[in-house]
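Thanks for coming. I will walk through one structure this morning, starting with its elements and ending with its charges.

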Amino acid sequence: MAHTILLVQPGSNPATRTYSDYESVNECMEGVCKIYEEHLKRLNPNTPIITYDISQLFDFVDQLSDLSCLVYQKSTNTYAPYNKDWIKEKIYILLRQAAG
């Protein structure tokens, strides 16, 4: 249960930067999935059920100008940064656990 800050910059314009904070890494990864689902809803406003596979989610993550996490490290009382590859790995683990 490590406090996690999600930093997102969807486009090249620095003004598009946002952040969200979560109580755990898993909650943060669910937040990334929700961002993608909201994106899909905006693209397909008349589609009642939106489905996607993990490769589409990962393509979306790769297309973002920047996506990173800061995860609180209790031992050092600091936040450690993690990149897109780490985020994709954590999402994969989360979705695999949810499916199985």
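First, a term: strands here are DSSP runs of E with at least two residues, and they are numbered from the N terminus. In that numbering, Asp21 sits in strand S2, which covers residues 18-22. Please keep in mind that this is a predicted model.

Asp21 is partly exposed, at 46% relative accessible area. Together with Glu23, Glu27 and Glu30, Asp21 makes up a negative surface patch.

Now the inside. The largest nonpolar core contains 22 residues, and Leu6, Met29, Leu67, Cys69, Ile87 and Ile91 are the ones with the most contacts within it. Two or more core residues come from each of strand S1 (4-9), helix H1 (25-43), helix H2 (54-63), strand S3 (66-73) and helix H3 (84-99). Helix H1 is the largest contributor, with seven residues.

Next, the salt bridges. How many are there? The count is three.

One pairs Glu38 with Lys41, with 3.8 Å between the closest N and O atoms. These two are about one helical turn apart, because three residues separate them in helix H1. Glu38 is partly exposed at 42%, and Lys41 is partly exposed at 45%.

Another joins Lys88 to Asp62, at 2.8 Å from N to O. Lys88 is in helix H3 and Asp62 in helix H2, so this bridge ties together parts 26 residues apart in sequence. Is Lys88 buried or exposed? Lys88 counts as buried, because its relative accessibility is 14% and the cut-off for buried is under 20%.

Lys88 also bridges to Asp85, at 3.9 Å between the closest N and O atoms. Asp85 is exposed, at 53%. Through shared partners, Asp62, Asp85 and Lys88 form one network.

Definitions and conventions:
Residues are numbered from 1 along each chain as its sequence is written. This is a predicted model: local features need pLDDT of at least 70, side-chain atom pairs count only at pLDDT 80 or more; totals for chains, interfaces and linings use all residues. Side-chain values use heavy atoms; hydrogens and water are left out. Patches are made of residues with over 30% relative accessible area and no salt bridge: like charges are joined within 9 Å, nonpolar side chains (Val, Leu, Ile, Met, Phe, Trp, Tyr) within 5 Å. Accessible areas come from the Shrake-Rupley method with a 1.4 Å probe; for residues, only the protein chains shown count as cover. A salt bridge is a side-chain nitrogen of Lys or Arg within 4 Å of a carboxyl oxygen of Asp or Glu. Lys and Arg count as positive and Asp and Glu as negative; His and the chain ends are not counted. The place of a charge is taken as NZ of Lys, CZ of Arg, CG of Asp or CD of Glu. Helices (H or I, at least four residues) and strands (E, at least two) are DSSP runs, numbered from the N terminus. Buried means under 20% relative accessible area, exposed over 50%, partly exposed in between (1.4 Å probe, protein chains only). A nonpolar core is a set of buried Ala, Val, Leu, Ile, Met, Phe, Trp, Tyr and Cys residues joined through side-chain atoms within 4.5 Å.
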